[in-house]
Amino acid sequence: MKKLLSASLVLLATLFAGTAVAAENSSYPLGQRSIFSDRATAERLAPVGSVCVEGEECGAQVAAAEAGSGEPRSGEQVYNSGCAACHASGAAGAPKLGDSAAWAPRIDKGIDTLVKHAYEGFNAMPAKGMCADCSEEEIHAAVEYIVGQSK
Ligand code: HEC
């Protein structure tokens, strides 16, 4: 009798665990939520990796994912994720965004010079504003954004 009791306890516990997993998986449509469903079984049996021969479609997907969305980030996005660290507070003597007095003499140098300085570095201004994966186009957009906000 004791054995039967503990056996049914184990069974109950298993059922509860199953329900908990099912609740986690509730983003799946009904019928695919159970850990015993074909979906879950297929996931458990799926290989941990796959080989993709160059030129195959799966390879293109990976390449696209590596390149991000493929779209260059906007000037505002680049500014917020990198440049703002210095140009919002004026850290290290950086001219602040919106400080037109500080920016006027710089803007007079022309946008090309400013982009070059932002891309290659200029005194305490680090190359690319420390945004290592920024393209020249993105740095250009960020400079345009800063200048546009600081006139
Ligand atoms: C580590 C701090 C820091 C970061 C991050 C930074 N800057 Fe700067 N930036 C400076 C400083 C300091 C100066 C002033 C340099 C000087 O005039 O001596 C400056 C100057 C500039 C100038 C004016 C250059 C000139 O010729 O007068 C531009 C344009 C500029 N930054 C753009 C950017 C952009 C775009 C980013 C982000 C991609 C960025 N900065 C990120 C510190 C920073």
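Residues are numbered from 1 along each chain as its sequence is written. In this predicted model, local features require pLDDT of at least 70 and side-chain atom pairs count only at pLDDT 80 or more, whereas totals for chains, interfaces and linings use all residues.

The chain comprises seven helices and zero strands, where helices (H or I, at least four residues) and strands (E, at least two) are DSSP runs numbered from the N terminus. The order of elements from the N terminus is α-α-α-α-α-α-α. Of the 151 residues in the chain, 15% are buried, a residue being buried if 20 or more other C-beta atoms, placed from the backbone, lie within 10 Å of its own. Contacts are assigned to two residues if their C-beta atoms, placed from the backbone, lie within 7 Å. Among contacts between residues at least 6 apart in sequence, 53% join residues at least 24 apart.

When residues up to four places away in sequence are not counted, Ile139 touches Val115, Ala118, Tyr119, Lys128 and Cys134.

The axes of H4 and H7, taken as lines fitted to C-alpha atoms over the stretch in contact, with angles running from 0 to 180 degrees between N-to-C directions, come within 9 Å and cross at roughly 70°. H4 is therefore roughly perpendicular to H7, a term that covers angles of 65 to 115 degrees. In this contact, Gly75, Glu76, Val78, Tyr79, Cys83 and His87 of H4 meet Glu138, Ala141, Ala142, Glu144, Tyr145 and Ile146 of H7. By class, the contact has seven nonpolar, two polar and three charged residues; Ala, Val, Leu, Ile, Met, Phe, Trp, Tyr, Cys and Pro count as nonpolar, Asp, Glu, Lys and Arg as charged, and the others, Gly among them, as polar.

The ligand is surrounded by 30 residues, the closest being Cys83, Cys86, Asn123, Met125 and Gly129; a residue counts as near if its C-beta atom, placed from the backbone, lies within 6 Å of the molecule. Helices H4 (75-87), H6 (111-120) and H7 (136-149) are the elements that give two or more residues to this shell, and H4 gives the most, with six residues. The shell has 20 nonpolar, seven polar and three charged residues.

How values were computed:
A residue is buried if 20 or more other C-beta atoms lie within 10 Å of its own, exposed if 12 or fewer, and partly exposed in between; C-beta atoms are placed from the backbone. Angles under 35 degrees count as roughly parallel, over 145 as roughly antiparallel, 65 to 115 as roughly perpendicular and the rest as oblique.
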